[in-house]
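Please read these points with the model open beside you. Look up each residue as you go.

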Amino acid sequence: MSNITTNINRDFETSKISFNDFREIILNDYRLAVESRVVSLLGRKEVLTGKAKFGIFGDGKEIAQIALAKVFEEGDWRSGYYRDQTFAFASGISNIYHFFSQLYANPDLNADISSGGRQMNCHFSTQLLDDTGSWLDQTQQKNSASDISTTGGQMPRVMGLGLASKLYRENRNLDYLRYFSRQGNEVVFCTIGNASTSEGVFWETVNAAAVKQIPVVISIWDDGYGISVPNELQTAKADISEALRGFQRQGDGNGIEIFKVRGWDYPALCEVYEQAAKIAREEHIPCVVHVTEITQPQGHSTSGSHERYKSADRLAWEGDFDCNLKMRDWLLKSGIAKEEELLQIEKESKDLVRNEQRRAWADYHKTIQQDLDEAIKLLASIKDESVELPLRTLKSLAEPSLKEVYSNVRRAIRELRYVQSAEKQHLISWFSKQQSKNSDRYNDKLFTDTTDSPLKAEVVDALYAADAAMVDGREVLNACFDTNFQRDERILAFGEDVGKIGDVNQGFAGLQEKYGHLRVFDTGIRESAIIGKGMGLALRGLRPIAEIQYLDYLIYAMPVLSDDLASLSYRTKGTQKSPVIIRTRGHRLEGIWHSGSPMTVLLGGLRGLHICVPRNMTQAAGMYNTLLRADEPAVVVECLNGYRLKEKMPLNVGDFTVPIGVAELIKAGKDITVVSYGATLRVVQEAAIELEKMGISIEIIDAQCLQPFDRTQICGTSLAKTNKLMVVDEDMPGGASAFILQEIIEKQQGYFVLDGQPRTLSAKAHRPPYGSDGDYFTKPSADDVIELAYEMMNEYNNEKYPKLF
């Protein structure tokens, strides 16, 4: 039996079923376990023969995952990792055909229903959106957040997925959102490998779950190793459930329940999961199920062998304690099944898996074959010896790929560069049409791009009374948030110091008292869990604003932001979305740890999120108004030194909008186009005053957003007038300024209208030291802008603008 540590009464009423029904259920479970094992064995062969690129499988965990699937109900959520294939088959979120389609990277979403060929095998996902991007009814299906490959990366989102159930249970004003919850009775089932529990995101999430008391069941599949590293080098006491004992709930206090059970003990596994799910579902107490004595018969993946690091004794033990073999022995010894019955099940399972594998391969091959046949036909119609080699290559392919098809077509087009014929034009026309098709296969849905995209939002101008009050910028933000909280019950905000004091700069001041602890609340210092919380809440239909106190601290959450949130729409081919808003502040505060402006980190790692950099709080408010009515994720970086600067209070502070990705002309000029954003924009404006006195007129453009950048291309229009370009920001050299330069010079074709070298003015390559003097000598100052602009004019006309130095 299981080794269980719990304070809960274990007496549960069970349904009365006949022995034959009971026997049929168990035999079906064994059949599924055998099928899943055959999938793992055959899948590995498909990789080793070259038909698939890479493989990772869930062999050795079949019995535990079947037991887990028994308590997985409609409306529940899975946040798992790449060993959960048996659970996926048992719960119906995937099947053998879809599994092999994903292994072959079939780009058809009907074949690989999880990712449309964009993720490696064993990465599961369920469709949450219809064809228009609207939410499906999550209560009528079993839901799985899209898997990611980062070990432990599935943990942070658990917080939001589980907290949503708590909010749906406790906030009756959310009852109208019937597509997302049945009054909070959903459980989040999270799975993780034993080695990955060494990661910080695991401990952040467990701690946060214990504090908030959310309905989550975390299964730890413990095979004793993390690839080759044993538990003794991974975990205190070499036992994760022992290491977690300090989280064990005592009496009525907060905490978790811990269960420990062996991965080959079918009856005990069923009992433990029934108890854990009941506790989580009914009482909203997080549970950890530590499943020990798991084996991994084929090693970590197709790229290595576990015989390299496991002893002969260990390998022998794994052979004896293979969960499928142990269940087989139990079925025979208990009299539930006879040998011939099990042999028949095993034969039928092999046949079924082989047939589904062949079907998946045939369908994938059809995808390629159509393109191949069309390419061969078009090349064959061209009577020129230069196409003979690519044509012969395509005809000889035993196992063709789209890469080989299009590589040879492109080669043929290059070889035909001096040939003019109707047949060549047909080939080029076909290739151009196919490029669009291949873009849909492999490149679309970085954003969901629905009718609710923030890029399609109606622009509503800010309105002002004739005697509009001049207030601190923070007051504009506060009024904006207040109005939106009144408008939409789904909106909530959280982060360190957000609740009681209304954040360190008072943007949420008084809102917790007005709207309650369920909608505005504090968190601990756990950036990964904060972002994961926001992501999970947004997946379940709520509209979270997740605050990271300073821009520098966003780096601590980058794995969640980059690997999970930013890639979500793309890797699910637009079938999942999480419109969380990440609010933070940065720029211009003094000191190494609070003054960084790592915009290039965001630009490089967060494609798939909108990156907004408003110059003041009114612009920030307009962006929040836009984003809170839209359905795509974004980061908003407010200017740290702008909260107490005076701004007019708009009459429609919660309704006016600032379009996302639209730059704004701040000052007209004729000599140099200067593009900036955020805090440095005010530096440029200050410099413009002295430059005018020196006879230099600069045109100032506020980028406002870095992703997307200047959709209306006013930068290019301005550059066509001035023919000179300067980009100013306080990121490190070669960072966001280089990104902006590429956007203007390449995409907007600014290169062709330049009269001189475009220039960038950024911060030094190190973070700024503490103090105003350090800031002056590290980041762009008005003096720097003035002198660089003058230098550019000197290069243009050295008689009128003689050298300064």
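The points below cover the sheets, some single residues and the cavities.

1. Ground rules. This is a predicted model, where local features need pLDDT of at least 70, side-chain atom pairs count only at pLDDT 80 or more, and totals for chains, interfaces and linings use all residues. Residues are numbered from 1 along each chain as its sequence is written, and side-chain values use heavy atoms, with hydrogens and water left out.

2. The seven-stranded sheet. Start with the strand order: β12-β11-β13-β14-β16-β15-β21. The sheet is open and its pairing is mixed. Helices (H or I, at least four residues) and strands (E, at least two) are DSSP runs, numbered from the N terminus. Two strands pair if DSSP finds at least two bridges between them. Which strands stand at the edges? They are β12 (520-522) and β21 (705-707). Each has a single partner strand, so one side of each is left without a neighbour in the sheet. On average, neighbouring strands of this sheet are turned by 20° against each other, direction ignored. Axes here are lines fitted to C-alpha atoms, for helices over the stretch in contact, and angles run from 0 to 180 degrees between N-to-C directions.

3. Strand β15 (residues 610-612) runs antiparallel to β21, and two bridges join them. Look at C612: opposite it, in β21, is C705.

4. Helix α21 (residues 617-627) lies across β13, β14, β15, β16 and β21. It runs at about 165° to β16.

5. The five-stranded sheet. This open sheet has the order β18-β20-β19-β22-β23, again with mixed pairing. Its edges are β18 (664-667) and β23 (759-761). Each edge strand has a single partner, so one of its sides has no neighbour in the sheet. The twist averages 25° from one strand to the next. Inside the order, β19 (residues 672-676) and β20 (residues 698-702) pair in the parallel sense over five bridges.

6. Helices on the five-stranded sheet. Helix α22 (residues 680-693) packs on it, touching β18, β19, β20 and β22 (725-728). The direction of α22 makes about 170° with that of β20. Helix α24 (residues 736-747) packs on the sheet too, touching β19, β22 and β23. For α24, the angle with the direction of β22 is about 150°.

7. Is strand β5 (residues 216-221) mostly covered or mostly open? It is mostly covered, with six of its six residues buried. Buried means under 20% relative accessible area, exposed over 50%, partly exposed in between (1.4 Å probe, protein chains only). V216, I218 and I220 point one way from β5, while V217, S219 and W221 point the other way. β4 and β5 pair in the parallel sense over six bridges. Within that pairing, F189 has V217 of β5 as its bridge partner.

8. Backbone points to check. The peptide bond from Q707 to P708 is cis, with omega near 0°. P708 is in the loop between β21 and α23 (714-722). Q713 is in the loop between β21 and α23. Its phi is near 55°, a positive value in a residue other than glycine. Q713 is partly exposed, at 37% relative accessible area. Q183 also has phi near 55°. That residue lies in the loop between α5 (156-170) and β4 (188-193), and its relative accessible area is 48%.

9. Cavities. How many cavities of 30 Å³ or more does a search of the whole structure find? It finds three. A cavity is a set of points on a 1 Å grid over the protein atoms alone where a 1.4 Å probe fits but cannot get out; lining residues have an atom within 4 Å of a point. Grid points are joined across faces, edges and corners, and a volume is the space filled by probe spheres set on the points. The largest cavity has a volume of about 80 Å³. Of its 14 lining residues, the closest to the centre are L565, S569, S578, G608 and P633.

How values were computed
1 Å grid on protein atoms, 1.4 Å probe; cavity = no way out; pocket = protein on both sides within 12 Å on 5 of 7 lines; lining within 4 Å. Contact = heavy atoms within 4.5 Å.
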